[in-house]
Amino acid sequence: MIRRPLIATILACSGLGVAACGGAGQATDVRAATGRVAADAAPGEGQSRTAAIGAGKVSERADGAPSSHADKPLAGKVIVIDPGHNGGNYKHPEIINKPVNVLTKRKPCDTTGTATNDGYSEAAFTWDVSTRLAKLLRAEGATVKLTRKNNTSVGPCITQRAAIGNNAEADAAISIHGDGAPASGHGFHIIMPKKINGPVDPVVNDSRKLGIAVRNAFHSGTGQPYSTYIGKNALDFRSDLGGLNLSSVPKVFIEVGNMRNSGDAAKMKSPQFRQKAAAALAKGITNYVS
Ligand SMILES: [Zn+2]
């Protein structure tokens, strides 16, 4: 979840004993950690690639193999994936509670994130979906960078998470979260930046396009309904998030579901749903950048 100045959200997050939704750590290309995945390795990959390329678009070489261009629709593209929070954040309040400047306010470097009522953490969820998404995007030829290299350490700060996308000159960046809203609400939503007279202003329009592409692909690919408790048609705009305010590349956040809602929690704990979510995100990102 993304900490928001709403009483309901604060209450929802307080179950963990630490404010939810932030980050600390170091910018890392985790290709070495996750391993570069061969085109036929990951479940769901073929589906995503086929969907991205479209029927009849795959050209063939003389030897009958698909050409690298047609097989790699994201060749030359750089995608940055930000798995919200980190599994070790709760052990280091002295690091994650340190205030950082996000231009419109000061807020903690990162937070622990939320969890389902039976303890499946948002950090574990975002890490799992992000690594699945990275494999799918790499199989399509993208250069993918993650903002953290595992789910056992701390951070990075939200300011660094934005800087990683900027330094990579990403064609698109996405921050993945699960929400910790009141239990009655369910569904997903996309968060996009607003103009703040800052570095994000030039990419506000492109971020909106990215957000709509991801919203459409995620809705059709997963069947997850639009949020019942925030935004309009699963779209929300905010100016209090460091990860957006400090981004000079097109970037959005997705709150995949409400981890405090029993129906959403059951989905988010399912590896099948997480794979479906990753494939849908890959399709949305591909639709935007290609
Ligand atoms: Zn979060």
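Start by selecting helix α8 (residues 204–222) and helix α11 (residues 271–289), whose crossing is right-handed, the near helix being turned clockwise from the far one by less than a right angle. Helices here are DSSP runs of H or I with at least four residues, strands are runs of E with at least two, and both are numbered from the N terminus. The model is a predicted one, in which local features need pLDDT of at least 70 and side-chain atom pairs count only at pLDDT 80 or more, while totals for chains, interfaces and linings use all residues. Residues are numbered from 1 along each chain as its sequence is written, and side-chain values use heavy atoms, with hydrogens and water left out.

The axes of α8 and α11 come within 8 Å and cross at roughly 140°; such axes are lines fitted to C-alpha atoms over the stretch in contact, and the angles run from 0 to 180 degrees between N-to-C directions. The two helices are therefore oblique to each other, a word for angles that are not under 35 degrees (roughly parallel), over 145 (roughly antiparallel) or 65 to 115 (roughly perpendicular). To see the contact, which means heavy atoms within 4.5 Å, show the side chains of residues including Leu210, Ala213, Val214 and Phe218 of α8 and Phe273, Ala277, Ala280 and Tyr288 of α11. The residues of this contact divide into 11 nonpolar, 3 polar and 4 charged, where Ala, Val, Leu, Ile, Met, Phe, Trp, Tyr, Cys and Pro count as nonpolar, Asp, Glu, Lys and Arg as charged, and the others, Gly among them, as polar.

Next, move to strand β8 (residues 251–258) and pick phenylalanine 253. Is phenylalanine 253 buried or exposed? Its relative accessibility is 6%, so phenylalanine 253 counts as buried, given that buried means under 20% relative accessible area, exposed over 50%, and partly exposed in between, with a 1.4 Å probe and protein chains only. Leaving aside neighbours within four places in sequence, phenylalanine 253 is in contact with residues including Ile2, His177, His189, Ile191 and Leu241.

Not counting residues up to four places away in sequence, lysine 251 touches Asp82, Arg161, Ser207 and Leu210, among others. Valine 200 is 51 residues from lysine 251 in sequence, and the C-alpha atoms of the two are 9.2 Å apart.

Now select helix α7 (residues 158–167), where the buried residues are Ile158, Arg161, Ala162, Ile164, Gly165 and Asn166. The elements that cover these buried residues include β1 (78–83), α9 (242–245) and β8. Just after α7, glutamate 169 takes a positive phi of about 50°.

The last stops concern the backbone. Most residues other than glycine have a negative phi, and most peptide bonds are trans. In the loop between β4 (143–146) and α7 you will find proline 156, which is joined to glycine 155 by a cis peptide bond with omega of about 10°. Asparagine 197, in the loop between β6 (189–193) and α8, has a positive phi near 60° and is exposed, with a relative accessible area of 76%. Asparagine 233, in the loop between α8 and β7 (235–238), has a positive phi of about 50° and is partly exposed, with a relative accessible area of 46%.

Finally, zoom out to the whole chain, which has 11 helices and 8 strands. Buried residues make up 55% of its 290 residues. Among contacts between residues at least 6 apart in sequence, 81% join residues at least 24 apart.
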